[in-house]
Amino acid sequence: EDVKIGFIVKQPEEPWFQDEWKFADQAAKEKGFTVVKIGAEDGEKVQSAIDNLGAQGAQGFIICTPDVKLGPGIVAKAAANQLKLMTVDDRLVGADGKPLEDVPHMGISATKIGEGVGQAIVDEMKKRGWDMKNVGAIRVSYDQLPTAVDRVEGAISVLKAAGFPAENIYDAPQAKTDTEAALNAATTVLNKHADVKYWIAFGLNDEAVLGAVRASESVGIPADNMIGVGIGGAESAINEFKKPSATGFFGTVIISPKRHGYETALNMYDWIANGKEPEKVTLTSGSLALRGDYEKVRKDLGIE
Amino acid sequence: MAFLEFNSISKGYPGVQALSNVSFGVEKGAVHGLMGENGAGKSTLIRVLSGDQSADEGSILIDGVEQKYSSVRDAFHAGVIVIHQELQLVPELTVAENLWLGRFPGKAGVINGKTLIETVRARLDEIGIDVDPSAKVSSLSIGARQMVEIAKAVMLDARVIALDEPTSSLSSRESEILFTLIGKLKTKGTVILYVSHRLDEIFRLCDSLTVLRDGRLAAHHPKVAETTREQIIAEMVGREISNIWGWRERPLGEPRLEVKVLSGSKLRTPISFSVRKGEILGFFGLIGAGRSEMARLLYGADHRHQGSVTIDGVVVSPNNPKAAISAGMVLCPEDRKFDGIIQGRSIEENIAISSRRHFSPFGVLSPKKEASVAEQFIAKLRVRTPSRKQDIINLSGGNQQKVILGRWLSEQGVKVLVIDEPTRGIDVGAKSEIYEILYELAAGGMAIVVISSELPEVMGISDRIMVMCQGRVAANVARADFDERSILTAALPDKNAAGTV
Amino acid sequence: MNALKKILLGEQGLVVIFAIAFVIVSLTVPSFLTERNMLGLLQSVVTIGIVACTMMFCLASRDFDLSVGSTVAFSGMIAVMVSNSIGSIPLGLLAALICGSIVGVVNGVVIARFRINALITTLATMQIVRGLALIASDGRAVGINDPAFYQLALSRFLTVPTPIWIMILLFIVFGFVLNRTVFGKNTLAIGGNPEASRLAGVNVVNMRIWIFALQGLVCAIAGILLASRITSGQPNAATGLELSVISACVLGGVSLAGGRAAMTGVIVGVLIMGIAENVMNLLNIQAFYQYVVRGLILLIAVLLDNMRSSAAGRGSRA
Amino acid sequence: MNALKKILLGEQGLVVIFAIAFVIVSLTVPSFLTERNMLGLLQSVVTIGIVACTMMFCLASRDFDLSVGSTVAFSGMIAVMVSNSIGSIPLGLLAALICGSIVGVVNGVVIARFRINALITTLATMQIVRGLALIASDGRAVGINDPAFYQLALSRFLTVPTPIWIMILLFIVFGFVLNRTVFGKNTLAIGGNPEASRLAGVNVVNMRIWIFALQGLVCAIAGILLASRITSGQPNAATGLELSVISACVLGGVSLAGGRAAMTGVIVGVLIMGIAENVMNLLNIQAFYQYVVRGLILLIAVLLDNMRSSAAGRGSRA
Ligand SMILES: Nc1ncnc2c1ncn2[C@@H]1O[C@H](COP(=O)(O)OP(=O)(O)OP(=O)(O)O)[C@@H](O)[C@H]1O
Ligand SMILES: Nc1ncnc2c1ncn2[C@@H]1O[C@H](COP(=O)(O)OP(=O)(O)OP(=O)(O)O)[C@@H](O)[C@H]1O
Ligand SMILES: O[C@@H]1[C@@H](O)[C@@H](O)CO[C@H]1O
Ligand SMILES: [Mg+2]
Ligand SMILES: [Mg+2]
C-alpha cells in the first residue's frame, strides 16, 4: 500500500517551513512515500486541510499549528478522518492550557529558545564589559502571536536574572512581522532614548532583530555598540554574516529544520508502515551561531 | 450633393433596431431639424455622427468625403462636435477646464491655468454667456451647466454641430442666447443638426427637417416653411392631435394642500400657498427662480428652516420624503438622471419602487401584480422598450422620463401630486396623454402642483399660476387672467429689483 | 448551437460555466468527487459563504465592509468566553450574536448617519474590534470548557454537518430576501441611485444601518460556528476574510458600484474560491505556485464572465 | 473668529487641523519634536508616502490598486537579485523599474482594455506577483552583495537621508502633475465623469493604462529604497501596504468615487498615519491597545474632516 502523509504548516512563506518541507521530501524520497504539503494560516484552514488529506487517502499527518489551543479540534478532526497525528515545532494544548500528552511531538520550547537568546546577549555584554545600567534593550514584539511572546519573555527572564534593569527594556511593537515594521518601531525607541549609547535587541525571529539593527545603523549607532541576537538562522541571518564588515547583528540561535522535517516524516512513515509509534516527546535545542562560526554550526545541525 | 450626408445608416441594440436604413442630407449653412417620438432613434443617429457609437451599416459623408472615424477624437478632428442630450460635464473641474477637456492647450502637457481661464472668459463674453470660468461646475445651476455645454460647441470652429435637445433645461431667456448663437454659426457656414420636441423652435430655427419614426426615415422636408405643425405631428405619431392641451373646466373643492411660511437654505424668503381638491396649480419662473427648491422643501427632500405642510388638515411630519409619501404627497423630480432613474434596475422595478408597498404583504413581493402595474404604465405612457425587464439606462431620454412619471402615477391614495418639469424631453404625442392623465387625477379630487419652464405648457394646463422670481412669489394669476406678457414680466428679475411688485 | 449560446450568455451563464468547470475537475482530479471531499470542501467555505450572504447586500447598496474578519473573530471569542464564564452555552451564543450586531450597528450608524466613508469606517472598526478581541483574550486562544459546544460543528443531519446546513439555510433566506422582498429590492435601488431611492420614499439611512446590523449578526453566526469547529475562540481567526468574501461576491457578479447582485452568483463565487483551494491541495501544488494559480483562477473567472456578458451586450452604456 | 472659521472650513482645512494636532502632540509627547525623531518618522513613511503619490491618481480616476504591496516586494527582490548576478547596481535598479512598470501595465491593460473590475484584477495580480517574488527567491531573503547598494538609503544630503528627499521630490512632481498638467486634469476628469471625458475625446483607456504603469514604476522605486534600507530583498515585505496607502489617501480627502484629490491632503494623510504609529510607540501604548487607538484616530480624522466640509456646505447633494 502506498503511504501518503500530510505536512501542514502555519506560515508556508517562512523559510523555516520551506526547509522543514524540503527535508520531509528528502525522507520521502529515501523511503518511497508521498508528502502532501499544505499551508494553513488559521484554524479554519487547518480544518479543511485535514479534511482534504482524509479525502485524498492519506494515512497520517504532521502539523505545526497556527495556534496551540486548536489542539482538541485537530485531534477530533484527525480521528474523524482516521489519520495518525504528530505535531512539530509547537505542541498542542487542551482547553486547560496543558499539553496534550497523547500526541507525539517533536519541537523546541519557545521559552527555552528565548532563554538561549538572552544568555547569548548576557555573555556578550559581559565580554564587552558593558555596564547593564547604561544599556537599553529593544524588545521587538509581536504580541498577538503567542510563540513570539514566549520567546521574548524567555530572553527577558534571563536578562533580568543576570541583573539587567527591567526599566531599561523598551517595547517596540511590530505592526506586522516583517523587517520594515520592526525597523520603524525600533527607530522610534532609539530616538526616544537618544542618550543611551549601548543597545541590545531581541525578538520573534531574525527579521525582527534585523529591523532593530537597521534602525541602530540609521541613527548612527556603531556596530560595536549594538548586540542583536535573532532566532532562526536562515538566509536573512546568513546574509548578515556574509556582509564584509560586522554589523550589530551579533548572532542567531539556529534551530534545525532538518530534524524537524526529516525525522518527523520518517517517524510518521514508520508508524504507518510498520506500526512503530514515535516517542511521545522529542525536544531539540537551538545552537547559537555567530559571524565566525555559523558555517560550522549549520553543518553540525545537518543543514547543507 | 449635400454637405453632410447620411447613407443608409442602421444600428441595432439587443432587442431594439434603433435605426434602419436612414438616409438624408443637409446643405452647408443650414439648420436641420430632427424630430420623432421618444425612442425614434434621434440620439442614436447623433451618437453615430459623433463617433461615440459605430453604425452597423451605412456611411457618413462630409463635404463629399466618407468619414471613417472610430472614436470621438477622430470625429472632433473631422470637425464634428456634439452636445449630447444628457449633460456631459465633469462636476469636479472648473468651467474653463470643462470647456477645454480633451484638447487642453499648453506646452509639453503643462497647462497654463491663467491663459486657460482668460481665453475662456474672453470667448464667453463674446458669445454672451454669463458664467465664471473659474467656478467649479458642481457649483452651477442646471441651466448654467447647459449653457456651459453649449459654449463647448460654439467655442470651437466646427464644420458640423449637433445639438440634442439643448433647450430642454433652458429658460426662454437662455434659449434666446442660444438661438442668436445658432444664427451666427449659420452665417459661417456651419451645418447644425438640431433635435427638439418643441415645434415652435423647429419652425423658428430650422431650414430643413427630418422626421424619424421607429428608427426609420418617416419624412424629409427640404424646406420647413412648406410644412405644417399638423403634418409633422402626424408624421411623427401616426395620428392627428388637434388640441394638445385639452384643458377643461373642473369643479374645485376644499383646500387640500396648505403650505405655510416654508423656507430653507436655498429659499430664504418664506412661501405660503394652498391648493384645492381638483385644482392644478402651475408654477412658472425662470431657471433658478426657486421652484424646484420649493418643491423639494415641500416634499421633505431638503432640510426645512421653518414652515408647515398640511394635507387635508393633517400636518405632514416628520420632514422627509417617506413621511410625505405616507401622508399622500408625491414628487416627481426634475432631474431624471440624478434624482429619478435607478440605474442598473429594470423598468418594472423603477416603476414599482414606491407603489409596491401597497401590494407586498409583510414586505414580500408579488411579482405578478408588479408586472401588471409595469405593463399598464408602459402601455399608457407609450414607453418604447422591448420588455419591462429592460435596464432603464438603455432607454432613450424621453422614455426614461416616462418611466419616472409612471412611478408616481402608479402610486395609490395620492392626495397631492407635485411634478417638476413633467414633460421635459417628452414627445408631443405622449405629452397630450400625460396632460389627460393629470386632468383625470384632478377630476378625482387630487391637488396637483405642476412646475414648468415652458410658458405655453403652464398656461395650457393650469387652473391657476404662481410666478416665482429669485426665490419669491412674484404673482398669483387665475386662469381667467392668463396673459403671456404679464406672466413673463412678473418672472423677470430686473423688475423685482425695482420693487414694482 | 444557438441554444447553447443562449444558455451561456443568459442570466445564469456564470452558473453554466461553473458547472462545466466542475465536471472537468471531477473527471480529471482524483478523489475530488467523493462524498468526503465534497463535505470537506463545503465545510471549508462555511465562513466565507455565510458572511458573503450579507456582504452581498452591503456591496449591492454601494457600501463596503472590511470589518467582517475581525467581527467573526471577536464574536467567536465572546461566545467561548461567555459560555465558559457563565457556564451556559445558549447565553454565550446570545452574547456573541448581540456583540456582532452591535459592531454592525456602530458601522452602520457612523457610515449612514454621520456620512463617513465606508472604507475608512470599517477599516477603523476592523482594527478596533480586532484590538478588543486581542485585549479580551490577552492575545491567546481561549479553549472551550464544555464539550457540548463542539457539537454545533460536529453534529450531522442526513450525514451532512450542521454548519453546512446553516450555510445552505442562509443562502436560501438571503436569496429570498434579495429577490422577493421589499428589503432586497430597496437594497438594490439604493445601490443603483441612493438619492432617487430616497426621493422614492426609501429610508436610505435606516436601510443601510439595517444592512450593517445584519452583516454583524451574520458574522457572529459564522464566528460561533468557527469557534465550535476549531474548539476555541481565537483572536487571530479570520484575518483577511474581508478580501476573500468581497472577491467571492464580485466573482459572483455583484457590482461594487452597487445595484447588481444575485444569490446564485455569490454561491458560485464562494464555491469557485473553495474549489480552487481544494483542488490545488489535492494536486499537491507547491505553496508558492498556489499564489499564482489562485490569482490566475480569479482573473480567468472574471474574464470569462466578462466575455460572456459583453457578448450579451449588457451594460454597454454603463 | 470669522477668519478662523474661514481658515478651518477652507480648502486647506485638513492641513490646518493637522497643524493644530501636530502642535498639541509636540507639546505633550516627550521627545516627539526632536530632529532625530522627525527624521525617523519621515523615514518610516517613505514607502507609504511614495506609493500614495500614484495611488492618488489611481483613486482619482475611479480605479483601485491592491497589488502595490506585492509589487514593492517583487521589484525590491529583482533589484537585489539582478544587481547580485550581473554585478552592476544601475542595471539592477533598471531591471526593477522595468519589472515594476510591467506589472503596472499588465494591470492597466486588463482593467482598461478588457474592462475587468479593478478590485478583482489587482487582487489577482497581488497574489500572482507575490507568488513570483516567492518563487524567484525560493521564499528566502536575498542579501545584497555590494554594500554600495546600502548607500541609497544611508546617504544623506543636508543631514536628511536620501529616501526622504526622494519622497519629497515625488510629492512635488506628482503634485505638479495633478494640478498643472493635462495628464492630471484628465485623470480628475475621468474620475469625475468617465462618460463625459470619453465623449470629450480623452483617451480614457490609454490614460488608465498610463496611471497603472506609473503606479508600478513608483512601487519599484519604493521597493528599491526598501531593499536598500533593510539591506536585502525580502519576498514577504510590504504585505498589507495597499490598505495603509489607500487609507492615507482617503484620509487626505481623495474620493473613492473619483474626481477629487489633492497632494497636500495625501501628504497630510500619510503623515497622520506615521505620527499615529510614532506617538503610540513614544507613549509606550500596549500592542493590543494600539489597534484600538489606530482605529479611533482614523475615525476621528475623517469625522473631523467631515464636520468641517459639511459645515462648509460642500457636496451636499453629491
Ligand atoms: N445602449 C442601448 N441598449 C439598448 N437599447 C438602446 C441603447 N441605446 C438606445 N437604445 C434604444 O434605441 C432606441 C432609440 O433610442 P434614442 O436614444 O436614439 O431615442 P431618441 O429618439 O433620442 O428618443 P428621445 O426623444 O426620448 O431622446 C430606443 O428604443 C432605445 O431604448
Ligand atoms: N446639482 C446641484 N447641486 C447643488 N445645487 C444645485 C444643483 N442643482 C441646482 N442647484 C441649485 O438650485 C438652484 C436652482 O437651480 P436650477 O437651475 O436647477 O433651477 P430650476 O430648478 O430649473 O429652477 P427653479 O428653481 O425655478 O425650479 C440654484 O441656486 C442651484 O445652485
Ligand atoms: O513560528 C515559528 C517559526 O518561525 C520557526 O521559528 C519554528 O517555530 C515556529 O513556532
Ligand atoms: Mg434622445
Ligand atoms: Mg426646476
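How many salt bridges does the rule find across the interface of chain C and chain D? The rule finds zero. The model examined here is predicted. Polar contacts do occur across this interface, in two residue pairs, both at pLDDT 80 or more.

The elements on the chain C side were examined next. Those that give two or more residues to the side touching chain D are α7 (118-137), α13 (241-251) and α15 (287-311) of chain C. Of these, α7(C) gives the most, with 13 residues. By residue class, the side of chain C that touches chain D divides into 28 nonpolar, eight polar and four charged residues.

The extent of the interface was also computed. Chain C and chain D bury about 3,500 Å² between them. Carbon and sulfur atoms carry 82% of that area. On the chain C side, C:Ile120, C:Gln127 and C:Phe288 supply 16% of the area that chain C buries against chain D. In residue terms, the contact takes 40 residues from chain C and 40 residues from chain D.

Chain A was then described on its own. It contains 10 helices and 12 strands. Its C-alpha atoms fill a box of roughly 65 × 40 × 30 Å along the principal axes. A compact globule of 304 residues would have a radius of gyration near 19 Å. Chain A has 20 Å, which agrees. Of the 304 residues in chain A, 66% are buried. Among contacts in chain A with a separation of 6 or more, 74% join residues 24 or more positions apart.

One residue of chain A was followed in detail. A:Thr65 is found in the loop between β3 (60-63) and α3 (71-80) of chain A. A polar atom of the A:Thr65 side chain lies 2.7 Å from the backbone oxygen of A:Asp67. Beyond its neighbours within four places in sequence, A:Thr65 is in contact with A:Lys10, A:Leu70, A:Ile74, A:Asp90 and A:Leu92.

Technical notes. Residues numbered from 1 in each chain as written. Chains lettered and ligands numbered in written order. Predicted model: local features only at pLDDT ≥ 70, side-chain atom pairs only at ≥ 80, totals over all residues. Heavy atoms only, no water. Contact = heavy atoms within 4.5 Å. Buried area = accessible area lost by both parts, 1.4 Å probe. Salt bridge = Lys/Arg side-chain N within 4 Å of Asp/Glu carboxyl O. Polar contact = N/O pair within 3.5 Å; in protein donor to acceptor, adjacent residues only side chain to side chain. Helix = DSSP H or I, 4+ residues; strand = E, 2+ residues; numbered from the N terminus. Nonpolar A, V, L, I, M, F, W, Y, C, P; charged D, E, K, R; others polar. Rg over C-alpha atoms; globule rule 2.2 N^0.38 Å. Buried < 20%, exposed > 50% of the residue type's maximum accessible area, 1.4 Å probe, protein only.
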